Amino acid sequence: MLIDPLLESKSDTVSNSGAGGPIVLSTRIRLARNLAHYSFPGWAKKAQQGDVLIHCLAALDQIAVLKRGLRLRMDDLSDLEKQILVERHLISKELQTSKLPSGVYISKDASCSIMINEEDHLRIQMMRGGLKLKQLWKSINELDTSLEDYIDYAFIQDLGYLTACPTNVGTGMRASAMLHLPALVMAGHMEKVIRMVNQVGIAVRGLFGEGTDATGSIFQISNQQTLGESEEDILKRLGSILAAVINQEQMARMKMLEDNGPKFFDKIGRAYGTLLNAHMVNSEEAVNLLSLIRLAVDMGMLPEESRALVDHLLLEVQPGHVQLRSKQEAEASTRDILRAKLLREHLQSLPALKYSANCANKSGETDIQA
């Protein structure tokens with residue numbers, strides 16, 4: 001497979017290394033950029049789309065952080081390879097199904113990926129496990145500045161960076177954090193939280209972005225406004241919202257334990273038992289059950305070192321990864337059998353759950369403010 005080097009690499013994203021914190025799994029910053037004097041991808045003729053792809057790939061070849069990375073054209077990849085890249089959040093579903101001449105450049109450690117000819121000519125993104133807004137902004141800003149030595153961006157002084165979608169005009173930046181919020185979901189408070197953050201220009205989406213469900217109580221929280229604010233102001237505002245949501249989740253966990261401990265323990269115990277004994281599990285159920293085991297780690301019911309295993313399995317239970325591991329394309333029912341076997345084998349090493357009314361709620365989140 002063309003993506004084999006990626007599969008063998010060590011990544012700092014939560015999906016590979018378990019680097020996520022108790023509530024914040026990962027952080028991502030994405031920049032939308034377009035080339036001056038070229039039509040946006042959706043409006044350009046095929047010859048011009050091809051020229052943009054060649055020009056962008058040549059420019060990216062010069063960027064130090066991408067050396068020894070993967071340089072891929074989408075029409076060279078199999079459907080399974082594209083699916084795996086989506087599941088690792090390295091390309092979008094839109095690029096996965098695009099018929100345009102398009103590609104992606106992925107750094108060796110998979111912390112950076114740059115999509116070419118998606119909605120915009122370039123979608124530059126960086127990801128890290130845990131909450132690292134300041135680190136990511138410094139890194140992606142340096143990369144973006146380096147690219148300007150080779151690419152003439154579409155930019156107007158009064159507006160900022162020009163983009164295919166008007167909602168991205170300005171900074172062209174989307175900053176987001178992936179949060180695990182099971183207590184707010186169980187308490188029925190997520191709708192209230194979503195309304196609250198929407199009022200201040202912050203969006204809440206599912207595990208795989210816009211239009212997807214929050215399977216496993218995992219939500220992407222990101223800025224919506226890109227025009228009229230600096231990148232630093234956007235990150236500061238997002239950071240304060242993230243701090244508030246994290247605090248709400250922490251309080252919901254404590255209240256859940258104090259008010260209805262037996263029901264909480266029962267929910268965790270049933271998830272634990274199902275994962276260790278089930279013989280058919282679909283991907284949505286697997287993520288929902290693993291979400292509860294992750295919560296058990298957060299609450300001290302399982303050892304801290306179990307978190308890396310659970311975070312790794314959240315990726316491995318996805319349809320593309322199940323097929324990759326089994327070295328075969330498989331229908332849904334076969335994948336459910338293979339997935340259940342994978343879960344039984346990996347989770348049998350977990351110790352017994354520790355039930356205690358004094359379960360700790362460890363936050364440990366850092367880098368809130370940009």
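Which residues in α11 are buried? Keep that in mind while you get your bearings: what you have open is a predicted model.

**Stop one: α11.** Select residues 306-316, which make up helix α11. This helix is mostly covered, with eight of its eleven residues buried. The buried ones are Ser 306, Arg 307, Val 310, Asp 311, Leu 313, Leu 314, Leu 315 and Glu 316.

**Stop two: the sheet.** Now switch to cartoon and pick out the eight strands that form an open sheet, in the order β2-β3-β4-β5-β1-β8-β10-β9. The pairing is antiparallel. At the edges stand β2 (70-73) and β9 (202-205); each has a single partner strand, so one side of each is left without a neighbour in the sheet. Look along the sheet and you'll see a twist that averages 20° from one strand to the next.

**Stop three: β5.** Zoom in on residues 122-129, strand β5. Eight of its eight residues are buried, so the strand is largely enclosed by the rest of the structure. Show the side chains: Leu 122, Ile 124, Met 126 and Arg 128 point one way, while Arg 123, Gln 125, Met 127 and Gly 129 point the other way.

On one pairing, β4 (residues 112-116) runs antiparallel to β5 over five bridges, and Ile 114 has Ile 124 as its bridge partner. The two strands form a hairpin with five residues between them. Click on Asn 117 in that turn: its phi is positive, about 60°.

On another, β1 (residues 24-33) is joined to β5 by eight bridges, again antiparallel. Here Arg 28 is partnered with Met 127. Carry on from β1 to β8 (residues 173-180), an antiparallel pair with seven bridges, and find Leu 31 opposite Met 173.

**Stop four: a helix over the strands.** Select residues 46-60 for helix α3, which lies across β2, β3 (103-106), β4 and β5. Against β4, α3 runs at about 160°.

**Last stop: the cores.** Which residues have the most contacts inside the largest nonpolar core? Select Leu 122, Leu 147 and Leu 179; the core they sit in has 88 residues. Helix α9 (residues 231-277) gives the most to this core, with 16 residues. Apart from it lies another core, of 18 residues, among them Leu 85, Leu 90, Ile 91 and Val 104.

To finish, centre on Leu 179 and show its contacts beyond four places in sequence, including Ile 23, Val 24, Leu 25, Phe 219, Leu 242 and Ile 246.

Notes. Residues numbered from 1 in each chain as written. Predicted model: local features only at pLDDT ≥ 70, side-chain atom pairs only at ≥ 80, totals over all residues. Heavy atoms only, no water. Buried < 20%, exposed > 50% of the residue type's maximum accessible area, 1.4 Å probe, protein only. Helix = DSSP H or I, 4+ residues; strand = E, 2+ residues; numbered from the N terminus. Core = buried A, V, L, I, M, F, W, Y, C linked by side-chain atoms within 4.5 Å. Contact = heavy atoms within 4.5 Å. Pairing = 2+ DSSP bridges. Axes fitted to C-alpha atoms, helices over the stretch in contact; angles between N-to-C directions.
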